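Let's take a walk through this model together, from the ligand site out to a helix, a few backbone features and some aromatic rings. Please have the structure open as you read.

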Amino acid sequence: MIIIPGPSSLELGKKIAEFVKAKTVSVAFKRFPDGESYVRFEGEVASEDVIIVQTTSPPQDTNLFQLFLMADTAKDLGARVVVAVVPYLAYSRQDKRFLHGESFSSQTVAKLLEKTGVDQLLTVNVHQQSVLDEFPFPAKSVSAIPLLAQYFQSRGLEGAFALAPDEGAKEYATEAARILNGGYGWRHKERDRYSGAISFRDEKYDVEGKDAVIFDDIISTGGTTADAVKALKTHGAKRVFCACVHPLLIGDAEKKIMSNGAEEIVGTDCVPSSVSKVSVAPLIAKALLRLET
Ligand code: R5P
């Protein structure tokens, strides 16, 4: 097995290689003045099981295209199998045609990955499992929520309440609550598909005087998490922490959340950022060692 740490996941790729005790092949990459990407493998891949680690967080299109280039090059140069480890899988939120005439973006990404030689895909907390179910090759998602919950547990937050900021994140709160043992709940979120306007509805949460942690897969603009922080404070929570697998943190997301009274935002290195304090390297390594190629 050879690990190729792609340009968008250099550090994570190297860490994974250490965990699985595999050799790495580095990639020389650059952007041409007109923005086009260039990649060159600085080692041999012929007859190897090649694992390309490349997250597709912003700039998604550049990172995706580099992934296509690397996969196609690996296959062209004789790799036996190409596995794409894509810790954050871009376009997974456009997981169906919500309105007539829209692109079905996650399906397009899957088709392009297949065409460029990817045989298998491994990701972390894909936004919807149905996205992977429709992939034309084996595609699997592993969950980093236990790692995030353990981070808070190790910092004395055993007993903290776990909140999902919407129904889609319910499973994250339940997973976390198994480790934190402080109960869990979720908010109801509705989005108007035309205007994009979002509204929330709360239940009664048992957080009076308690610490609470919000668990989500993605923090993008921070609006969802910031509103959840406010809701927990209104319900009497003592301290509110925020955890997400994919800290995209667009614009002033961090400021928006912290100014609503959060103590800390914790993300993983699926997306390199200032809050990526938890590494998914051991999780991915374990999954890779179990992969049948
Ligand atoms: C939505 O379903 C996701 O799980 C996140 O809650 C959402 O992407 C967060 O977006 P934002 O940070 O822009 O509110």
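Helices (H or I, at least four residues) and strands (E, at least two) are DSSP runs, numbered from the N terminus. With those labels, Ser220 sits in the loop between β13 (212-219) and α7 (223-234). Keep in mind throughout that this is a predicted model.

## Around the ligand

Is Ser220 buried or exposed? Its relative accessible area is 19%, and because buried means under 20%, Ser220 counts as buried. Leaving aside neighbours within four places in sequence, Ser220 is in contact with Arg93, Leu248, Leu249, Ile250 and Ala253.

The ligand is surrounded by 13 residues, and the closest are Asp216, Asp217, Ser220, Thr221 and Thr224.

| Residue | Part of the residue with the N or O atom | Distance to a ligand oxygen atom |
|---|---|---|
| Gly222 | backbone | 2.8 Å |

On its own, the ligand has 380 Å² of accessible area, and the protein covers 88% of it.

## Helix α2 and its surroundings

Next, have a look at helix α2, which runs over residues 60-76. Its 17 residues reach 24 Å from the first C-alpha to the last, close to the 24 Å expected at 1.5 Å a residue.

Which residues of α2 are buried? They are Thr62, Asn63, Leu64, Gln66, Leu67, Phe68, Met70, Ala71 and Ala74. The cover over these buried residues includes the strands β1 (2-5), β3 (27-31), β4 (37-41), β5 (49-53) and β6 (81-86), as well as helix α3 (105-115).

The backbone on either side of α2 deserves a look too. Pro59 is found in the loop between β5 and α2, and the peptide bond that joins Pro58 to Pro59 is cis, with omega near 0 degrees. After α2 comes Gly78, with a positive phi near 95 degrees.

Most residues other than glycine have a negative phi, and most peptide bonds are trans.

Tyr91 is not a glycine, yet its phi is positive, at about 70 degrees. Tyr91 is placed in the loop between β6 and α3, and it is partly exposed, with a relative accessible area of 33%.

Asn181 also has a positive phi, near 55 degrees, in a residue other than glycine. Asn181 belongs to the loop between α6 (170-180) and β10 (184-186). With a relative accessible area of 54%, Asn181 is exposed.

## A glycine in strand β10

Strand β10 holds Gly185, which is buried at a relative accessible area of 6%. What does Gly185 touch, not counting residues up to four places away in sequence? The contacts are Phe161, Ala162, Leu163, Ala164 and Ala173. For Ala173, the C-alpha atom lies 7.0 Å from that of Gly185, while the two residues are 12 residues apart in sequence.

## Aromatic pairs

How many aromatic pairs does a search of the whole structure find? The search finds eight. One of them joins Phe135 and Phe137 in an edge-to-face arrangement, 5.4 Å centre to centre and with 85 degrees between the planes. Both Phe135 and Phe137 are buried.

Phe152 and Phe215 form an edge-to-face pair as well, with 6.3 Å centre to centre and 85 degrees between the planes. Phe152 lies in helix α5 (residues 145-154) and Phe215 in strand β13, so this pair ties together parts that are 63 residues apart in sequence. Phe152 counts as buried at 1% relative accessibility, and Phe215 counts as buried at 0%. Ring pairs also link Phe152 and Phe215 with Tyr151 and Phe241 into a cluster.

Strand β13, which holds Phe215, brings us back to where we began: the loop with Ser220 lies between β13 and α7.

Definitions and conventions. Residues are numbered from 1 along each chain as its sequence is written. This is a predicted model: local features need pLDDT of at least 70, side-chain atom pairs count only at pLDDT 80 or more; totals for chains, interfaces and linings use all residues. Side-chain values use heavy atoms; hydrogens and water are left out. The expected span of a helix is 1.5 Å times one less than its number of residues. Buried means under 20% relative accessible area, exposed over 50%, partly exposed in between (1.4 Å probe, protein chains only). Contact means heavy atoms within 4.5 Å. A residue is near a molecule or strand if one of its heavy atoms lies within 4 Å of it. A polar contact is a pair of N or O atoms within 3.5 Å; within protein, one must be able to donate a hydrogen and the other to accept it, and residues adjacent in sequence count only if both atoms are side-chain atoms. Accessible areas come from the Shrake-Rupley method with a 1.4 Å probe; for residues, only the protein chains shown count as cover. Rings of Phe, Tyr and Trp (its six-membered ring) pair if their centres lie within 6.5 Å; planes under 30 degrees apart count as stacked, over 60 as edge-to-face and the rest as tilted.
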